[in-house]
Amino acid sequence: MTIQEGLWLPEDAVQAGMQDSRALAATHSRRDSYRTWGLPSEHMSRVPREWRIQSGLTQPVPDDLVPFVEWFYNQKEARERFRWALRDSLDELLDGQRTGRWAYQHLTKTEKTYLGTAVEVNLTKEFAIENGADLDWSIAGADIDCKFSKDLGGWEIPMEMYLCADHGERSGRANHAAVVTWMNDDTSEWAAGIVRITDERLRWKKERDANGDRVRAYNRDNKRKLSETAKSEVYWLWGGLQTDLPMNLLRHLNPEIRQRIVTASLPRLASSGQQRVNQLFREVQDRLVGRQTVLTLGQQDDAPKRARDARKKLRPEGIVVLGHQGSHPRVARALELPIPVKGEWISTRLVPVSSDDERPKFSLDGQFWARACGEELLHPVPAPNLPDGRESTWVNRFGFDITS
C-alpha cells in the first residue's frame, strides 16, 4: 500500500499511473459480451376469468371518479403517452442494450418486483403528476395512488388507502381512488382503470372466525387485492382492454428467424453487434423496427449508427434501410410501406423496373425502383444510394417521380 494525498492506495493502481478505473476494468469485463436468451417457457401474465375485460366498453363514469377521468382525458395524446410509458418501463428493466434480454421472463425475481415502481415513476414524469398529501399522486386536487400488476386484477392495496376502524392508526384517512394498470407483453395487451378503494371492495376469506365474523384476506405485507365483484366498480379508461402495447419485435418474431438474428448458424454473427443488426434488416423487411430492438442487438449507445452502417452493408444485396430523414419517408410512402419516424427504420429489397410497371414505385436519376417479389428475390441487384438528408444535393438528384 502507498500513501497518496492522505489515502492508502494499492500498489498496482499507483504503478498504473492512476489510469481510469473503467478502462482498467474493461480489459477483463464480460458485461459487454452478448448473451443469447431462450424462448420463455411460461406466460408473463395471468388473466383470471373473473377479471377478463373487453375492448370498446361504454361505462357511465361514477360521480366520485369524474375529476380523475376528466383529468386524464384532457391530457394531450394521453392514451398514446400512457401506453408508451408502460412500454418504456419494461424496456428499462430489460436493459437490452447491456443484457441482450428481450422478454419479461428473462428478468430476475427482484427486477420483476421493481416493474410496478418503474411504471409509477414513468407515468409521474410523463404527466407531471404532483405528489399527494397521503399518497404518491395528487390529481385534480385529490390524493390518488398508482398500482401496477402483471396479472389482471392482481393489484395489492395497502391499509392507508381505505377507511377501516379495525386498522386503528394504520387506517387511511379516506377511501382513496387508485389508478390500476396492467400490461402483457406476450399478447401486446394493456389496460388502465380507476377505482375507489373501500373495505368491502377488497378480498375477504371464505372461512369465518370462531365468532362467525368475516376475516379480511391479507397477504404478508397486510395488503389485500380487489374482490372478484369489484371489477364492475372499475372505470376502464379508453374503453377497457387495449390491444396495442407498442410491439416488442424480438419477443414476437418467429423463433427460427430470431435465432438466425441473435446467433445464426454462422458463428461470426454471434460475435458482432453490427452483424446482428445487418441480419435483422435482412430477416425483418417491410415492417418498422424501433430503436430498442437495434440497441438490444447492437449493444452500442449509438443505435442510428448501427442502422446507417447496415444501410451501407446491405445495399449490394439490394436492400435499402429507410429512416426518417431526407428522401426516405417519401420513398416509403411511394412504395406503400409504413413510414418511419425518428427512432424507427424499415428495410425492403428493391429491383429496377420499367416506367410502366404497375407496382408502387419511385424514380431516382431516371431509373424506376419497386419492391422485389417472386423470382426477383433470388437474384438481387445493388440497391440505389438514397439520400438521407446528409447529402446537400439530394433535392436536385432526386428526380422524384412518385407513381403508384
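**Calls and cut-offs in a predicted model**

Colleague: Why is G343 called partly exposed?

Modeller: Its relative accessibility is 23%. Buried means under 20%, exposed over 50%, and partly exposed in between (1.4 Å probe, protein chains only). So G343 counts as partly exposed. This is a predicted model, where local features need pLDDT of at least 70, side-chain atom pairs count only at pLDDT 80 or more, and totals for chains, interfaces and linings use all residues. Residues are numbered from 1 along each chain as its sequence is written, and side-chain values use heavy atoms, with hydrogens and water left out.

Colleague: What does G343 touch, not counting residues up to four places away in sequence?

Modeller: V289, G290 and R291. Contact means heavy atoms within 4.5 Å.

Colleague: What makes α11 roughly perpendicular to α12?

Modeller: Helix α11 (residues 291–298) packs against helix α12 (residues 303–314) at about 85°, with axes 9 Å apart. Axes are lines fitted to C-alpha atoms over the stretch in contact, and angles run from 0 to 180 degrees between N-to-C directions. Under 35 degrees is roughly parallel, over 145 roughly antiparallel, 65 to 115 roughly perpendicular, the rest oblique. Therefore α11 is roughly perpendicular to α12.

Colleague: Which residues meet there?

Modeller: R291, V294, L295 and G298 from α11 meet A303, P304 and R306 from α12.

Colleague: How do you know that E120 has no salt bridge?

Modeller: The nearest side chain of opposite charge, K147, is 6.3 Å away. A salt bridge needs a side-chain nitrogen of Lys or Arg within 4 Å of a carboxyl oxygen of Asp or Glu. E120 is buried yet has no salt bridge.

Terms used. Helices (H or I, at least four residues) and strands (E, at least two) are DSSP runs, numbered from the N terminus. Lys and Arg count as positive and Asp and Glu as negative; His and the chain ends are not counted.
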